[in-house]
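The reader is asked to keep the structure in view while following the text.

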Amino acid sequence: MLIIRPIRSSDYDALYQIAVESGHGFTSLPVNEELLRNKIKRVEESFVKQLDKPFDEGYLMVLEDTETGEVVGTCGLEAAVGMVDAFYHYRLGTEVYHSEQIDVRNEVETLTLCHDYTGSAELCTLFLRESYRKNNNGRMLSRSRFLFLAQHAARFGETVIAEMRGESDAEGNSPFYSWLQQHFLGIDFVQADYLSGLGQKAFMAEMMPKNAVYVCLLPEEAQKVIGEVHRNTRPALNLLQAEGFRCRGYVDIFDGGPTVECNINDIRSVKESRLLTVNIGEMPASTTGYIISNTLLADYRATSADLLVSDETDEVTISAELAAGLMVAQGEQIRVLAL
């Protein structure tokens, strides 16, 4: 069985290996022992923290193959970004220049550095080992976060965002970043991305252009990739768009990839998930797959299975094995979402 659960300190080695495998552009998991251990510690504290409103909590979960005990993937949520470390984006805008005297009107696209998403929740750290990228495992891992959001909405900002990886080559070089490197930052993309992942962002405030950047003055190869996603990220973007996420004109400051957003209550899977009461017994035959989670926090568990769910009742029968995996007992509730 594949079970999604909160990460714990004993998962460090697996998390480090995932950080290595994820490669360039996966900012949320730099290959750095101190940061990864601190990340796990922060997550463990977040899952047991009592709070009145979201602040800087992080909820990182792992996908465990219970047959082997191997951690094969991760998915994460940030409660409210930018509350401790600055959270930068470029906002795409338009400046209009018009002269009646010479009868000329021009619209010029601009990029302006901003912190507009401060306080928003963020979908992040989605990774699945290649050998497990089958049987809807990736879809289950990604969408399981919406069940967690639905169950624990008060722990998150009202706007939920996801930063999509922008265009870069096999060595991690970004066409969009090259002009920044040449004229402002002076360090390569991989190093800048790594420092950002470490939370060492002072150089951004010190070296990034303070005024609006005219897109038309950028090299053509940089202009072309603004708002474009890396080919490996296209499936993730398609999934989020189906959930109601849209790009509102914000892009990453390093690779130009789009950031998409949706109000937490407008996310399709949040709205469509249901709470059902558990009956433990022999599961009826069904060919309809569901993502299933318990309603707990520190002991959160999620998985997928074929269930017979009826609109006429708020009960569902699950096997003893599935109940044990989800840590639920007879008469308790689970949250379900059709795959």
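Helices are DSSP runs of type H or I with at least four residues, and they are numbered from the N terminus. Tyrosine 16 lies in one of them, helix α1, which covers residues 12-22. The model discussed here is predicted.

**A surface patch**

Tyr16, Val20 and Val31 make a nonpolar surface patch of about 210 Å². Tyrosine 16 has a relative accessibility of 31% and therefore counts as partly exposed.

**Aromatic rings**

A pair of aromatic rings is described by the distance of the centres and the angle of the planes. The count of such pairs comes to 13. In one of them, tyrosine 59 and phenylalanine 156 are 5.3 Å apart, centre to centre, with 55° between the planes, and the pair is tilted. Tyrosine 59 belongs to strand β2 (residues 58-65), whereas phenylalanine 156 is in the loop between α3 (137-151) and β7 (159-163), so the pair ties together parts that are 97 residues apart in sequence. The rings of phenylalanine 148 and phenylalanine 156 are edge-to-face, because their planes stand at 80°; their centres are 6.0 Å apart.

Phenylalanine 156 is buried at 5%, and phenylalanine 148 is buried at 0%. Ring pairs link Phe47, Tyr59, Phe148, Phe156 and Tyr300 into a cluster.

Charged side chains also lie over rings. Arginine 37 is over the face of tyrosine 12, 3.7 Å from the ring centre, and arginine 133 is over the face of phenylalanine 127, 5.6 Å from the ring centre.

**Salt bridges**

The count of salt bridges comes to 17. The table gives examples.

| Aspartate 11 | Arginine 5 | 2.9 Å |

Arginine 274 is partly exposed, with a relative accessible area of 23%, while aspartate 314 is exposed at 52%.

Aspartate 11 and arginine 5 are both buried. By contrast, glutamate 107 is exposed, with a relative accessible area of 54%, and arginine 105 counts as exposed at 51%. Finally, a network of salt bridges links Arg143, Glu243, Arg268 and Glu272.

Key. Residues numbered from 1 in each chain as written. Predicted model: local features only at pLDDT ≥ 70, side-chain atom pairs only at ≥ 80, totals over all residues. Heavy atoms only, no water. Patch = residues over 30% accessible without salt bridge, like charges linked within 9 Å, V, L, I, M, F, W, Y side chains within 5 Å. Areas by Shrake-Rupley, 256 points an atom, 1.4 Å probe, with all protein chains shown as cover. Salt bridge = Lys/Arg side-chain N within 4 Å of Asp/Glu carboxyl O. Helix = DSSP H or I, 4+ residues; strand = E, 2+ residues; numbered from the N terminus. Buried < 20%, exposed > 50% of the residue type's maximum accessible area, 1.4 Å probe, protein only. Phe/Tyr/Trp six-rings, centres within 6.5 Å; stacked < 30°, edge-to-face > 60°. Lys NZ or Arg CZ within 6 Å of the ring centre and 35° of its normal.
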